[in-house]
Amino acid sequence: MRQVTVFIVALALLGSACSDSGFGDTVTVYSGRSEELIAPLIERFEEQTGIDVAVRYAGSTELAATILEEGAGGPADVFFAQDPASLGTVALAGRFSELPEDIHAAVPARFADAAGRWVGVSGRARVVAYDTTVVSVDELPATEDGFTASDWRGRTALAPTNGSFLAFVAAKILLEGEAATLAWLTSMADNDAPTYAGNSAIVAAVDDGQVETGLVNHYYRYRLAVEGPDTVVENYFFPEATAGSLVMPAGAGILAGTPHRDAATTFVEYLLSPEAQEYFATETYEYPLVPGVPVASGLPPLGSIPTPAVDLSLLATELDTATDLVAEAGLL
Amino acid sequence: MNDRPGGAAPQVQSPEIGGVLEAPPGSGKRYERTGRAAPPWLWAAGLLVLVPIGVPVASMLARVLGASDGAWDVLFNARTAELVLRSALLTLLVTTAATVIGIAAAWIIVRTDLGAPRLWGVLMLLPLVIPSYVFALSFLAATGPRGLVADLTGIAVPFLDGLPGAWLALTLSTFPYVFLVTAAALQRLDPALEEAARGLGASTWRVFRTVTLPLLRPAVGAGALLAALYTLSDFGAVSLMRFDAFTRVIYAQYAGRLDRTPAAVLSIALIVIALGILWAEQRTRGRASHYSHRPIRRPTRHRLEGRRRAVAVLFLGTIAALGVIVPVTVLVAWVVRGIDAGEQIAVPWNAVAGSVVGSVLAAVLAMAAALPVVVLAVRYRSRRTEALERSVYVMFSLPHITVALAVLIFAVRYLGPLYQSLALLVVIYATMFLAQATGAAKASLLQVDPHLEEAARSLGKGPFRVLRDVTIPLIWRGLLAGGALVFLTTMKELPATLLLRPTGFETLAVRIWAAADELFYARAATAALVLLAVSAVPAYVLIVRPKDATS
């Protein structure tokens, strides 16, 4: 019996060792970016600075809601999100503190919060992933509106519950209004657009020949090619400026009232360092946002992607409406 | 006194294992109640196990009932109604198939001379350790014009997705529950009735249909209940298979919205449906518990000849191929492909540690928590102890996403330091899966003669010493079996882990899900294979050890 007790105590200690961050400077990051992509970068940061990072991985919107529920004094020091809508939510709730000027100004103004509460660190373009064996580029429409035509019936996949898709819908609401956005969503639903759990599922389905095209973020195709170099998926960038051609930044902000402000600032600075920017370019195939860092080969330059006139700081205001419209169109 | 079933049929697994799921509340009338009142400390311990889930769910219910009318709009609309119906359809189809497969496999393995019952038994139970989303991932990878089957054979098979895909993945995930309880019940069934029927000239099929099946009804019902509840609350398999189910809306509302009230409203609706299924099963089960707990003698094994033998082998072989061989082959193929492409494949040790620590602690805690519940239910049987037992079962039937959401909302507001702690996560695991531990321990305790405990008490030992020195040693094996099942279930658990884990805490289930979600299939497959390997340890305790112990 005693041995059993000792064993359990040992296990409990091991368990707390698995989750605790130990001694020294620590910073707690709520990351809407996935562990698969971000963990190696965080390890490098820990090695170089000696700062321990405890990371909580989950969906960006989910973490934004969690931060709001936790209120002041919650465990998070930094919020590292996939999309500007989640960042804007936390900013609008007054939970971010203002970033130092040099951090905030490190990227082009359109990729940072106008009031300096969060900063974009890497860019993700909305694209059409298509199966090169059955679809030719000339067939593809100039904007996402073309996919509501009857000859695309059942051929264009959507990920209605995905954060990037919802941010795209929010952008469309800002650009074209609620009625036009709902009309587009409803037309897609009526056109039998197949729905998937996420961007990755769509790209995998296009690669497997299950669906011909899908609205996704640009980098999945490159990741797929890491394990399967013979992929048939290619990216198509809409030639016209529309919500569908939006480049959305993943970004970070520092929580107001954090006792680890210095460590948190060091962390956000690191995300904008040449090393981290290069990591985003070569390892996650995103667009580095700090000027001067080269993009991965095969990607069109950021400047060549048509930019719609959307203030990314405002996406958060339309997030719940976006979910409502997606549900109303029958896509959930 | 404590007679083991001497000369019983060769066992696939111990009665405890079957009892895990099969000794539902109120069952087992072997020893009548003693009329003695339970000591207050026992009651306190018994009621304590209801707190970790009961209080947060009640709190969520209060929040939902106080929500504005707008929040209820998510519930009352045509699309939600459609999704409830789709979920109901899937649940019905899966439960039916799981029940048929489970009963047929159990009967063939326990009651015929097919041979190698242990090997077949293990193959029928192994799907239990494979998470439903791994089934879904592997079937998607195997089928389609560019799938593994097409690669290997050159024959393009159509995609297995949508309703058929979700149905197959969930059927394979759930039929072992039915198999487990039915096999155990078959072994304990007194063969006299069946032999009498056969003696009167009834055919094998007729005996099975009119005698065996009704006798198995309580056991099969308990297994089917588990299959239904599992299907109803599954999210991973249905979302990967692109079958629009009710859980998907809950997830969409949770993941896509800042206000958690709509998700809570839908969660409560899911609880109501789950309780409805529980209630319906109890209504149709009646209160009877037909079978003898001690088989008098070995039942005869049916001879399988010629074509029947081939059909039996083909049937079990197909189930084993789909339930074990296909998923494992796909996982291995992914790892190989990843290595070929130059990817670094490493065992995620921190996830292994997290999974093992979380699951072992949950199993140990569940075993401890099961004791007061089981002693109350068996030794102090009354309407109130029955209600306690039933409540434990209700906690088991609650959808994980619902429990996790309720605990999360509650913890962030009221629990301070316990919020995002390992302690809270383990307590939730243990209470969610407690019914598995109480079921196993109850089946064991029902076989312990209460006179043993009374003798100890008459020698002047207090009730606590009796529990420690007499009862626990006698039901130790049952407790351990229950603990092993809790371990296996916790290893696969995903929604509660994702929502409640401490920051930085990793498990294999989380790794599989997260890696596959980013298209890193080789890493996902590595984690999945490690999960299967780790699960093999308690699976061995469950399946192989009991036989050694009884022989």
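**Domains, chains and a strand pair**

Modeller: Start with chain B. The centres of its domain 1 and domain 2, taken over C-alpha atoms, are 22 Å apart. Domain bounds come from an automatic or database domain assignment. This is a predicted model, where local features need pLDDT of at least 70, side-chain atom pairs count only at pLDDT 80 or more, and totals for chains, interfaces and linings use all residues. Residues are numbered from 1 along each chain as its sequence is written, while chains are lettered from A and ligands numbered from 1 in the order in which they are written.

Colleague: Which residues belong to each domain of chain B?

Modeller: Domain 1 of chain B takes 28-66 + 343-551, and domain 2 takes 73-329.

Colleague: How many residues of the two domains are in contact?

Modeller: 31 residues of domain 1 of chain B contact 31 residues of domain 2 of chain B. Contact here means C-beta atoms, placed from the backbone, within 7 Å.

Colleague: What classes are on the domain 1 side of chain B?

Modeller: The side of domain 1 that touches domain 2 has 21 nonpolar, six polar and four charged residues. Ala, Val, Leu, Ile, Met, Phe, Trp, Tyr, Cys and Pro count as nonpolar, Asp, Glu, Lys and Arg as charged, and the others, Gly among them, as polar.

Colleague: New topic. How many residues of chain A are in contact with chain B?

Modeller: 52 residues of chain A, meeting 45 residues of chain B. On chain A's side, α1(A) gives the most, with eight residues. Helices (H or I, at least four residues) and strands (E, at least two) are DSSP runs, numbered from the N terminus. By class, that side of chain A has 25 nonpolar, 17 polar and ten charged residues.

Colleague: And in chain A, how many bridges join β5 to β8?

Modeller: Four, and the strands run antiparallel. Two strands pair if DSSP finds at least two bridges between them. A:Asp131 stands opposite A:Val233 in β8(A). A:Val233 and A:Asn235 form the covered face of β8(A), while A:Glu234 and A:Tyr236 form the uncovered one.

Colleague: Back to chain B. Why does B:Leu163 count as partly exposed?

Modeller: Because B:Leu163 has 16 C-beta neighbours inside 10 Å. Buried means 20 or more other C-beta atoms within 10 Å of a residue's own, exposed means 12 or fewer, and partly exposed is in between, with C-beta atoms placed from the backbone.

Colleague: What does B:Leu163 touch?

Modeller: B:Leu90 and B:Phe243, not counting residues up to four places away in sequence. B:Leu163 itself is in helix α9 (residues 162-188) of chain B.
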